[in-house]
Amino acid sequence: MSTLELAGKHLVLGLSGGIACYKAAELCRALVKAGASVQVVMTEGATHFITPTTMQALSNRPVYVDPWEDRAAADGSNNMPHINLSREADAILIAPASADFMARLLHGRADDLLALLCLARPLARVPLIIAPAMNREMWQHPATQRNVAQLRADGAHVLDVGQGEQACGEVGDGRMLEPEDILADVVAFFQPQSMRGQRVLITAGPTYEAIDPVRGITNRSSGKMGFAIAQAAAEAGAEVTLVSGPVALKTPRHVQRVDVRSAREMLAAVQSHADQADYFVACAAVADWRVDGESERKIKKDGSGDTPALRFVENPDILATIAQSERAESGALYCVGFAAESHDLLKHAQEKRQRKGVPLLVGNIGPDTFGHDHNRLLLVDAQGSMELPEASKLTLARELVAEMARRRAA
Ligand code: C5P
């Protein structure tokens, strides 16, 4: 993730008592590295797992624990940390949130500083994000599940729990998410929700067309742009399915990934999801041709100097196929194509938009962007064109997602 995703944000990081407090140290560091200012507040229980000194060193600020402490009075303020701390924050993040702390929150208890400031926060302005952490039996208990549901109904944003080995030795759901995942969810939380509830289907990466079991032809594509769009759409609140050719990239959070190899596999995967989608973004670099009659056995070099005679057949055009479907033509499915060109971008992008029959075509200069983290995009639609100047692929993806949502709504 790029470094200053949380620049200008002020977070209260609240720790309640649990072994996952050790991960809160890493989380605090990650939040600060992402540009946030972080004020740590701990329950008395949390101090049994990690010291305020550690959290102070990582956040560069004195840590609050005791509601009766008169520290604030010394600087001439009103000595009401529960009011001051909650007013200043862009969000309060409780990580870890123990089962007990969630139960106390739910009841509006105010028996320590952290619970008190959650209760005292201006509901409409200061969101509460909760990262639960507990033993799997405690997590599954109907009381906890009831509390989670009620906290959500009260407006809290409750994150998922992680799955796996727990400190107690048991294995299951309930451990706190890893710090990098909490960071990603917090970053996503601050993104505009322009695709809330929408379904987005995306292709990314190259396809691989086998010649024989050990050889094949493929296209140059790292998949980075398509994966960035998947992340941006998920952050914007969409349910995202990402159909990916062979790439070495991590699946963005909350994205359902389907791995494929050839163009025909990609088409089949896309067709099985297109009926439910609201948007289709064809970002993959699909091989135009495949070898006619893939050899089941390795083609051997026989020493004669003769080369194998390869014949090619054209692959299906996935984007054009989907763009011609009834749902796309009726406007129920909004299709977006990509064009990687080496020159005359506007002209080629306009032609390609017509040829593919899509409302929006996104052009980029291929050789400038292959494998890089930065790009420039040219958006071409029926009204004209618009440039998104050079930026990280994730920044561009977020802008593109907003543009898609705006065009679709119009
Ligand atoms: O001109 P070209 O066919 O390469 O157009 C590129 C656009 O079409 C991209 O959006 C790409 O994902 C899509 N495409 C496709 N199936 C193909 C070839 C291209 O979906 N067989």
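1. Asn135 sits in the loop that links strand E4 (128–132) to helix H7 (136–140). Helices (H or I, at least four residues) and strands (E, at least two) are DSSP runs, numbered from the N terminus. The model is predicted: local features need pLDDT of at least 70, side-chain atom pairs count only at pLDDT 80 or more, and totals for chains, interfaces and linings use all residues. Residues are numbered from 1 along each chain as its sequence is written, and side-chain values use heavy atoms, with hydrogens and water left out.

2. The Asn135 side chain makes a polar contact with the side chain of Glu170, at 3.0 Å. A polar contact is a pair of N or O atoms within 3.5 Å; within protein, one must be able to donate a hydrogen and the other to accept it, and residues adjacent in sequence count only if both atoms are side-chain atoms. Setting aside neighbours within four places in sequence, Asn135 is in contact with Gln166, Cys168, Glu170 and Asp173. Contact means heavy atoms within 4.5 Å.

3. Strand E4 also belongs to an open sheet of 5 strands, ordered E2-E1-E3-E4-E5 with parallel pairing. Strands pair if DSSP finds at least two bridges between them. The edges are strand E2 (37–42) and strand E5 (157–158), each pairing on one side only. Strand E1 (residues 10–15) pairs with E2 in the parallel sense over 6 bridges. Leu13 stands opposite Val40 in E2.

4. Now the domains. The protein divides into domain 1 (10–189) and domain 2 (199–291 + 313–409); these bounds come from an automatic or database domain assignment. Their centres, taken over C-alpha atoms, are 39 Å apart.

5. How many residues of domain 1 are in contact with domain 2? There are 8, and they meet 5 residues of domain 2. The two domains bury about 490 Å² between them, 40% of it on carbon and sulfur atoms. Buried area is the accessible area (1.4 Å probe) that two parts lose on being put together, summed over both. In domain 1, Asp181, Asp185 and Ala188 lose the most area to domain 2, together 56% of what that side buries.

6. The rule finds 3 salt bridges across this interface. A salt bridge is a side-chain nitrogen of Lys or Arg within 4 Å of a carboxyl oxygen of Asp or Glu. Arg253 forms a salt bridge with Asp181, the closest N and O atoms being 3.8 Å apart. Across the interface of domain 1 and domain 2 there are also 4 residue pairs in polar contact, both at pLDDT 80 or more.
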